[in-house]
Amino acid sequence: MTIKRNENLIKSAIDLHKNGLIKPNSYVLDIDSIRENASKLAKKAKELDIELYMMTKQIGRNPKIAEIIAESGIKKAVAVDPWEAIRLAESGVKLGNVGHLVQIPTSMIRQILSYNPEVITVFTLDKAIEISEQAIKLGMVQDILLKVVGENDRLYPGQIGGFKEKELITYADKIKKLKGVNIAGVTAFPCFLYNYEADKIEPTKNAHTAIRCANMLKEKLDIKIKQVNIPSANTIASLSLLKDMGGTHGEPGHALTGTTPLHGDNILEEKPAMVYVSEISHCFDDKAYVYGGGFYRRSRMKNAMVGKDFEKMKENIFEIEEINPEAIDYYGTLKLGNKSVEVGDTVIYSFRTQIFVTRSEVVLVEGIQKNNPKVIGVYDSQGNKIR
């Protein structure tokens, strides 16, 4: 799909690597297309009267891109954890939602509050109390979202927690009495997922739980609901679904780079804007080995293009061999079959990633769509500028 929709990005990535301007294990991001994608998302959200927070973890918590996305109409960021919140806030990015998946540690609450986030998501009464205490000391009242969990909801390992639906009113009543916080609404995750067989984004049970819980808080505790935040797979193609369900806020991430699973098989409003660049290290038996560090196990990657020239590489596609989850991705593996490669050849992948959990470099390139590519910065996977 990236070959079909953004060949200029691939050509630029090949040239940058071939000329020694970027290293293997680099993600190349097309700033022109990201800016356009963000503008389209912001326009659609405005039409639907919903709010969006940008998610940046998948692009390496990059403050420069966040600044560009903000200029394009999505003004605030969702920070998946407090370290991301600090990285973005210290760079001047406004915070929308902090604690989306990871709660704020006790010793970091005061610092996060000092950035004036629009909302903080909490999983427990204890965390709400801690935030309230620190907010009172700072002379403020902090809006919070309650993460809610239904009995049959889908939860990912490593990110489990929240208020059980059947206990919500009991805990929310206690939180309502705290002086330093205000319950602004609810959130859940994941609320939408791509159905590969049906080729469409569908709401999960979690989304329905969030809607029910928002209504419960309003009806039983007379809480004014400002936010029903139902994230995951938020893209132009699914924003109407979010609105129709009763959601008020979404948190697009991969939509900004046109790399949600839906984008892999469909020509959508957002254009693919990110590729992963590596290099052939060596061959052994019937396989070629590619410098690693940036592979993501849930990416569903299938193929890579290899060579020195874009037109020839389009026909030189290799099937990848998935990395065992127990292994460190020192190398990626390509099945040679009856083809051959040369050491030093450029390798281009396009897949759904989470750069913040990699060891990759992130290369920001402007002018790709005007055939005048220029590297405007190279960052590490945590958003720190390298050069």
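**Helix crossing, salt bridges and a nonpolar patch**

Helix 8 and helix 9 cross in a right-handed sense. The model is predicted. Helix 8 covers residues 168-176 and helix 9 covers residues 205-221. Two packed helices are described by the angle between their axes and the distance between the axes. Here the axes come within 11 Å and cross at roughly 60°. Angles of 65 to 115 degrees would count as roughly perpendicular, and those under 35 degrees as roughly parallel. Helix 8 and helix 9 are therefore oblique to each other.

Charged pairs were examined next. Side chains of opposite charge can pair when their charged atoms come close. With a cut-off of 4 Å between a side-chain nitrogen of Lys or Arg and a carboxyl oxygen of Asp or Glu, the count comes to 20 salt bridges. One of them joins Glu321 and Lys287, with an N to O distance of 2.8 Å. This pair links distant parts of the chain, 34 residues apart. Glu321 belongs to strand 16 (residues 317-321), and Lys287 to strand 14 (residues 287-291). Glu321 has a relative accessibility of 28% and counts as partly exposed. Lys287 is also partly exposed, at 23%.

Another salt bridge is formed by the side chains of Glu342 and Lys308, at 3.0 Å from N to O. Both residues lie in loops. Glu342 sits between strand 17 and strand 18 (346-349). Lys308 sits between strand 15 (303-307) and helix 12 (310-313). The two are 34 residues apart and link distant parts of the chain. Lys308 is partly exposed, with 43% relative accessibility.

Arg359 pairs with Asp329, and the closest N and O atoms of this salt bridge are 3.0 Å apart. The pair again links distant parts of the chain, 30 residues apart. Arg359 is in the loop between strand 18 and strand 19 (361-366), while Asp329 is in the loop between strand 16 and strand 17. Arg359 counts as partly exposed at 47% relative accessibility. Asp329, in contrast, has a relative accessible area of 5%. Buried means under 20%, so Asp329 is buried. Elsewhere, salt bridges that share partners join Lys23, Glu361 and Arg387 into one network.

The surface also carries a nonpolar patch of about 420 Å². Tyr291, Ile328, Tyr330 and Tyr331 make this patch. Tyr331 lies in strand 17, which spans residues 331-335. The relative accessible area of Tyr331 is 35%, and the residue is partly exposed. Patch residues need over 30% relative accessible area, so Tyr331 passes that cut-off.

Key: Residues are numbered from 1 along each chain as its sequence is written. This is a predicted model: local features need pLDDT of at least 70, side-chain atom pairs count only at pLDDT 80 or more; totals for chains, interfaces and linings use all residues. Side-chain values use heavy atoms; hydrogens and water are left out. Patches are made of residues with over 30% relative accessible area and no salt bridge: like charges are joined within 9 Å, nonpolar side chains (Val, Leu, Ile, Met, Phe, Trp, Tyr) within 5 Å. Accessible areas come from the Shrake-Rupley method with a 1.4 Å probe; for residues, only the protein chains shown count as cover. Helices (H or I, at least four residues) and strands (E, at least two) are DSSP runs, numbered from the N terminus. Buried means under 20% relative accessible area, exposed over 50%, partly exposed in between (1.4 Å probe, protein chains only). Axes are lines fitted to C-alpha atoms, for helices over the stretch in contact, and angles run from 0 to 180 degrees between N-to-C directions. Angles under 35 degrees count as roughly parallel, over 145 as roughly antiparallel, 65 to 115 as roughly perpendicular and the rest as oblique. A crossing is left-handed if the near helix is turned anticlockwise from the far one by less than a right angle, and right-handed if clockwise.
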